[in-house]
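Subject: Structure handover and notes

Hello,

I am passing on the structure we spoke about.

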Amino acid sequence: MTETPAIRIDDLSKTFGRRRKRIEAVKRVTLEIPVGQVYGFLGPNGAGKTTTIRMMLDLIRPTEGHVRIFGRHVRREHDVLRRVGAIVEGATFYNFLSGRRNLEVLARTANDLNPKRIDALLEQVGLAQRADQRVKGYSTGMKQRLGLAAALLSDPDLLILDEPTNGLDPEGMHEIRQFIRSLADDHGKTIFLSSHLLGEVEQVCDRVAIINLGEIVREGMVSELLEGKSRLRVEASPLDRAAAVLGEHWTVSSNGQWLTIDATREDAPHLVRRLVEQGVDVYQVASQRQSLEEFFLSVVREEAGRRD
């Protein structure tokens, strides 16, 4: 028996305005996210990420299509959202209250106050030492940490996080990345993660979808999307001569210190022979896998080229 997916989105569309001012923000998006995965949702600014998330949480109504969470239609069975915790467009709180008091207010509103759980969450997100300070004095990163704690208050099965590491320093990003990964690996939670920090997404997500101009343009396991997307880095002298020789057969770019060649590891012996035959000294050849950020940029450029 196939397990019901945590999220299923079918032909989801959203149009704002009418006639000449009509804008298709999201166009027939279809996705399925299995239980227990960390799923990345990527796209440039204005691509439709936040609009999609707002429809998933029934904050705005789709023009077409629908969303199911754990098999239940979000608009018709609204109580399924009790199984969801979310950060959307930044975390906002009462500035005159402390971080702890803000969480207590949210817990009381949901009739689920558990001081021990609040203490544990503050510890997990790295705010235990600042829990009794007024939120007015919190940095953006601290507010994001508090937002993550708030999203986890009800111990949800699904987390929907819109830019959860916004405002965090590199150490903070690393801590939150590990925390998010542990929620899936150790607690079986599903995380839907929207972010523009592609290096972070590459390290934490199992699967990703790339949305551009409202449409899904790529989707799949991170490892599969990047499979075969390797290049060679060559350190040689003279560099301009090496670029000219290799440029006859491969696409070559230079940063003034080494060359990057769109070639596979299997091409390396042939590449080195050609350089040596042309009197070029080769000091180093290394294979590099394309990063998710580079893959993302290539996909967005490719889609832009198709539309021109």
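The notes below cover helix packing, the nonpolar cores and a few backbone details.

This is a predicted model, in which local features need pLDDT of at least 70, side-chain atom pairs count only at pLDDT 80 or more, and totals for chains, interfaces and linings use all residues. Residues are numbered from 1 along each chain as its sequence is written, and side-chain values use heavy atoms, with hydrogens and water left out.

Helix packing

Helices (H or I, at least four residues) and strands (E, at least two) are DSSP runs, numbered from the N terminus. Axes are lines fitted to C-alpha atoms, for helices over the stretch in contact, and angles run from 0 to 180 degrees between N-to-C directions.

Helix H2 (residues 99-109) crosses H4 at roughly 25°, and their axes come within 10 Å. That makes H2 roughly parallel to H4; angles under 35 degrees count as roughly parallel, over 145 as roughly antiparallel, 65 to 115 as roughly perpendicular and the rest as oblique. On the H2 side the contact (heavy atoms within 4.5 Å) is made by Gly99, Leu103 and Leu106, and on the H4 side by Leu146, Ala149 and Ala150. By class, the contact of H2 with H4 has 5 nonpolar residues, 1 polar and no charged. Here Ala, Val, Leu, Ile, Met, Phe, Trp, Tyr, Cys and Pro count as nonpolar, Asp, Glu, Lys and Arg as charged, and the others, Gly among them, as polar.

For helix H8 (residues 239-246) and helix H9 (residues 268-277), the packing angle is about 125° and the axes are 10 Å apart. H8 is therefore oblique to H9. Ala242, Val245 and Leu246 of H8 meet Leu271, Arg274 and Leu275 of H9. This contact of H8 with H9 consists of 5 nonpolar, no polar and 1 charged residues.

Nonpolar cores

A nonpolar core is a set of buried Ala, Val, Leu, Ile, Met, Phe, Trp, Tyr and Cys residues joined through side-chain atoms within 4.5 Å. Buried means under 20% relative accessible area, exposed over 50%, and partly exposed in between (1.4 Å probe, protein chains only).

The largest nonpolar core has 45 residues, and Leu146, Leu148, Leu161 and Ile191 have the most contacts inside it. Helix H5 (residues 170-185) supplies the largest share of this core, 6 residues. A second, separate core of 30 residues includes Ile7, Ile33, Ile60 and Val80. Apart from neighbours within four places in sequence, Leu148 is in contact with Ile87, Val125, Leu161, Ile176 and Phe179.

The peptide bond from Ser237 to Pro238 is cis, with omega near -5°. Pro238 lies in the loop between strand S11 (230-237) and H8.

Two residues other than glycine have positive phi. Asp58 has phi near 60° and is in the loop between helix H1 (49-56) and strand S4 (64-69). Its relative accessibility is 17%, so Asp58 counts as buried. Asp155 has phi of about 50° and sits in the loop between helix H4 (140-151) and strand S7 (158-162). Asp155 counts as partly exposed because its relative accessibility is 43%.

Arg54 is found in helix H1 and is partly exposed, at 26% relative accessible area. Leaving aside neighbours within four places in sequence, Arg54 is in contact with Leu59, Ile60, Val88 and Glu89.

Regards
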